[in-house]
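Student: Can we walk through this one together? I'd like to start with the strands and then go on to the charges.

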Amino acid sequence: MAGTMEIQKISITKLRVDCIVNAANQQLQQGSGVCGAIFAEAGAQRLERACSLYGGCPVGKAVLTPGFELPAKYIIHAVGPKWSGGRSGEPEQLWSCYQESMKLAMEHNCRSIAFPLISSGIYGYPAEPAWKTALRSVRSFLAEHRDYPVKVIFAVIDDAMLTMGTALLREMEEKSRAAAEKERQRHVPVCSMSANTTVSGYYVLQAPVMKTTAAGKTFLSAAVGDRTGSIPAIFWDYAGPIGRDESGSAVFIKGQISEFKGALQITLDSLRLAKQEEPVEPSLLVQTAPIDGEALYREIEEMVETMGDKDYKAVCREFLGRFGEEFKTIPAAKSVHHSFLQGLLMHTGTMLKAARELAKLYPAVIDRDLLLAGTLLHDFSKREEFSFSNLGLVSGYSVKGQLLGHLTMGAMEVEHIARELGIPEEKSILLQHMLLSHHGKPEYGAAVEPMCAESELLSIIDMLDSRMEIYRENMEQTPLGKFSDRIFPLDGRRIYRHYDPEKQ
């Protein structure tokens, strides 16, 4: 899961997070306890006016208002149930409070959210079941939305509550680790599969396509894979529901491995999407960039701090602050290059290092800070261009991605943030131009061709890094002294592997 959970002993009104959750009443009026404190700190009159626009909220649901005077940007008002023995739907209603709050946070692009222990105060919900429902509901949401990089904090001020919640969270994490280890031990890597054996377990579904036999019967043609490789799979007499939209998702399969035309394939007997509560271990299934992600992200932050231009620095800081968690984790592409987890971080980090050095060679024509800013931001909007599977891989393109593309969306975001920060118009336009032109030519997807030295150099650096990554990924699959298969992104060329860095 991309999201994280933790418990802190702190007043929820003091937390500097994107949103906090208020344990609200159905009337959305100022109450006592957590509710009273939030109204008081936010500014009771303004918050009451904002809440009155909703006309109330049912139990188990939630609404959102501005945070006003609070450090948090938003307040989510979730109406928990009053305890009446647990047989009147209270657990389901409390579960829904956390689910609805998380949905609102995600819809408003919140990267941090703080909860109180809803209903555990004057509503009388017993502490232990309240904690279990809270932790399980949030964990369930994070498992279902693995591409949502959010930090979830449970804020309490009572030592007993802190001790109980911490123990239950630790117990949940230990059970999850044990289940993942069990799955790790039973998982059969694709690279170890052999003919005339059976296989069952969790794998990544790849390129599923519904086809029809000559006799008119439908079947599924696909591949399944893990981080070690992929293998063709076929499911005869299959009519759904799994199809093209589930590409990149974790699935549970059962089938027989056989040899067909000199290669292995799986004939499936069973296929279904993995359930959110199942012990799917992403590290077994999904390739991750061969980098120290946290170290590279820190290096990027440090590079931003070396900028002398306060305006370009401010825009970069704002992008990292708003979107940095997604930037750390998502792939850079659906295929072709850097299509693995942390691929965008690896691609951008390598490009920034190249930009930093190349700027030194051409000081007469290159504004170093503009080049670094454009390089950092050039692919940030891929997080909105793509849609993601439950493993965080790119499964397709969003509606905005298809209609606008990440170059246009990126330029729009730069213009919006630069305006918020009061950045001079010419600098904003130059940054927008960097993003709109970084593909070099219209036939490669550029909205405009480069018209300044920095945009020209950015397009070259982008092409350089993408090409070198295509070589790296294909050389890994090619034996030393041999030619690769034809590589579509390299115009169908085959490449020769003459070099093994591990032997140098």
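Tutor: First, a term: buried means under 20% relative accessible area, exposed over 50%, and partly exposed in between, with a 1.4 Å probe and protein chains only. Helices (H or I, at least four residues) and strands (E, at least two) are DSSP runs, numbered from the N terminus. This is a predicted model: local features need pLDDT of at least 70, side-chain atom pairs count only at pLDDT 80 or more, and totals for chains, interfaces and linings use all residues. Residues are numbered from 1 along each chain as its sequence is written, and side-chain values use heavy atoms, with hydrogens and water left out.

Student: Good. Which way do the residues of β5 point?

Tutor: In strand β5 (residues 112–115), Ser-112 and Ala-114 point one way, Ile-113 and Phe-115 the other. All are buried.

Student: Which strands does β5 pair with?

Tutor: Two strands pair if DSSP finds at least two bridges between them. Strand β2 (residues 19–24) pairs with β5 in the parallel sense, over two bridges. There, Cys-19 stands opposite Ile-113. Strand β6 (residues 151–156) also pairs with β5 in the parallel sense, over four bridges. Ala-114 stands opposite Ile-153 in β6.

Student: How does the chain get from β5 to β6?

Tutor: Through helix α4 (residues 127–144), in a right-handed β-α-β crossover. Right-handed means that, with the strands pointing away from the viewer, the path from the first strand over the helix to the second runs clockwise.

Student: And what is the strand order in the barrel?

Tutor: The closed barrel has five strands, in the order β7-β8-β9-β11-β10, with mixed pairing. Within it, strand β8 (residues 218–226) and strand β9 (residues 229–235) pair in the antiparallel sense over seven bridges. Ala-223 stands opposite Pro-232 in β9.

Student: On to charges. How many salt bridges are there?

Tutor: A salt bridge here is a side-chain nitrogen of Lys or Arg within 4 Å of a carboxyl oxygen of Asp or Glu. The whole structure has 29.

Student: Where does Glu-246 sit, and what does it touch?

Tutor: Glu-246 is in the loop between β9 and β10 (250–260). It is buried yet has no salt bridge. Its nearest side chain of opposite charge is Arg-244, 9.3 Å away. Lys and Arg count as positive, Asp and Glu as negative; His and the chain ends are not counted. Not counting residues up to four places away in sequence, Glu-246 touches Leu-205, Pro-241 and Leu-273. Contact means heavy atoms within 4.5 Å.

Student: What about Glu-128 and Lys-132?

Tutor: Their side chains meet in a salt bridge (3.2 Å, N to O). They are four residues apart in helix α4, so about one helical turn separates them. Glu-128 is partly exposed at 37% relative accessible area, and Lys-132 is partly exposed at 28%.

Student: Which parts does the bridge of Lys-427 and Asp-311 tie together?

Tutor: The side chains of Lys-427 and Asp-311 meet at 2.8 Å, N to O. Lys-427 lies in helix α14 and Asp-311 in helix α8 (residues 310–329), so the pair ties together parts 116 residues apart in sequence. Asp-311 is buried, at 10%.

Student: Which residues form a salt-bridge network?

Tutor: Glu-299, Lys-353, Arg-356, Glu-357 and Lys-360 are linked that way. Between Glu-357 and Lys-360, the closest N and O atoms are 3.3 Å apart. Glu-357 is partly exposed, at 38%, whereas Lys-360 is exposed, at 57%.
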